[in-house]
Amino acid sequence: MLLSRPIRTGASLALVFFLVGCGDEGDTPVSHEPGQAVRTGTSVAKVEALPLLIEATGSVEPWTRASPGTKIMGRIEQMTADEGDRVRQGQLLARFEKGDLVAAVSQAESALTMAQAELESAVAQHRRMRTLHRRGSATKKNLEDSEARFRIATAAVHQAEANLTAAQVMLGYAEVRSPLDGWVISRLAEVGDMTSPGMPLFVLEDISRVKIELTVAESDVVALKQGDAAHVTVDVLAESWPAKIRRIMPAGDPRSRTFEVQLVLANPEGRLKSGMFARARLEHGARDAVLVPASAVVVRSRRCFLNFI
């Protein structure tokens with residue numbers, strides 16, 4: 001069946017009437033008696049603006065991908081998440097043996113207590129020295145010594161507080177928590193493994209939104225701009241979604257002469273998975289075309305014809 005199809009035009013078009021029909025090459029025209037009325041149908045063709053489309057393919061990528069790890073060297077004591085698990089931001093993923101870290105915190109707390117006691121003693125002595133100096137019972141050197149002891153004790157407290165904070169931070173590194181809401185894609189270590197600073201333990205992905213990363217030829221990318229409308233189809237799901245161009249990468253692949261164009265889709269139910277194949281139609285303007293209504297088409301066989309009347 002011949003459907004409505006666009007016909008290019010370069011000038012303003014008036015309304016035109018068409019008679020459309022189909023038939024085999026061997027069809028013989030039907031003869032009619034002179035004066036016999038022949039019934040024909042007429043339809044109105046019209047000019048409409050049709051979008052100019054660029055087709056591209058690509059893949060579904062997560063909105064965020066993270067690889068949480070640790071900043072300390074230690075042995076893994078517990079793993080609380082596995083591949084395929086859904087995790088929440090702040091959720092515990094792994095725990096390290098931390099006996100030495102707990103001891104370091106206790107030592108820092110004791111050092112702070114000693115520094116605070118020394119500061120209290122230095123403050124009391126400095127007050128006495130100021131009183132005695134005003135009465136003439138203490139020399140200026142005695143007053144200066146008490147002031148120096150007070151300053152040293154104050155600095156010691158500050159240092160002890162900083163050491164305690166550092167010890168508590170290191171203790172915090174004994175627990176690895178999720179930096180995002182998402183899914184565990186890969187677990188890279190097991191209980192009992194020794195880890196080093198910076199070693200990743202998991203790969204996590206947030207797919208509440210996904211990026212559609214398309215590969216577009218340089219001859220097409222020049223016609224696109226950020227915010228242009230698009231339509232994405234994921235064949236395996238047999239579904240399509242409207243979208244907009246979020247980003248056009250300013251640098252392309254010099255070997256293939258292609259550029260990456262990025263779209264964004266909401267994915268609250270998580271149906272779109274990282275790595276799925278996607279196709280997209282990208283709109284970049286429109287053109288005028290003459291459309292013939294499908295109702296004007298008469299189907300007789302595989303060969304169709306169009307007559308002006």
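Buried here means under 20% relative accessible area, exposed means over 50%, and partly exposed lies in between (1.4 Å probe, protein chains only). This is a predicted model, in which local features need pLDDT of at least 70 and side-chain atom pairs count only at pLDDT 80 or more, while totals for chains, interfaces and linings use all residues. Residues are numbered from 1 along each chain as its sequence is written, and side-chain values use heavy atoms, with hydrogens and water left out.

Let us start with the whole chain. Its secondary structure comes to three helices and 16 strands; helices (H or I, at least four residues) and strands (E, at least two) are DSSP runs, numbered from the N terminus. Of the 309 residues, 31% count as buried. The accessible surface of the chain is about 19,200 Å², and carbon and sulfur atoms account for 52% of that surface; such areas come from the Shrake-Rupley method with a 1.4 Å probe, and for residues only the protein chains shown count as cover. A contact means heavy atoms within 4.5 Å. Among the contacts in the chain with a separation of 6 or more, 79% are between residues 24 or more positions apart.

Lys211 is buried yet has no salt bridge, and the nearest side chain of opposite charge, Glu213, is 4.4 Å away. A salt bridge is a side-chain nitrogen of Lys or Arg within 4 Å of a carboxyl oxygen of Asp or Glu. Not counting residues up to four places away in sequence, Lys211 touches Ser59, Val60, Glu61, Pro62, Trp63, Arg246, Gln262 and Leu263.

That brings us to the charged pairs. Side chains of opposite charge can pair when their charged atoms come close. The structure holds eleven salt bridges. One of them joins Glu61 to Arg65, with the closest N and O atoms 3.5 Å apart. Glu61 is buried, at a relative accessible area of 19%, whereas Arg65 is partly exposed, at 47%. Arg65 also meets Glu205 in a salt bridge (2.9 Å, N to O). This pair links distant parts of the chain, since Arg65 is in strand E4 and Glu205 in strand E11, 140 residues apart. Glu205 has 6% relative accessibility and counts as buried.

A further salt bridge connects Lys141 and Asp145, whose closest N and O atoms are 2.9 Å apart. Both residues lie in helix H2 (residues 140-172), four residues apart, about one turn of the helix. Asp145 counts as partly exposed, at 37% relative accessibility. Elsewhere, salt bridges that share partners join Glu61, Arg65 and Glu205 into one network.

Finally, take a look at a sheet. Four strands form an open sheet in the order E8-E7-E5-E10, with antiparallel pairing. Its edge strands are E8 (175-177) and E10, each of which pairs on one side only. Two strands pair if DSSP finds at least two bridges between them. Two bridges then join E5 (residues 74-79) to E10 (residues 194-195), with Thr195 in E10 as the bridge partner of Gly74.

Technical notes. Lys and Arg count as positive and Asp and Glu as negative; His and the chain ends are not counted.
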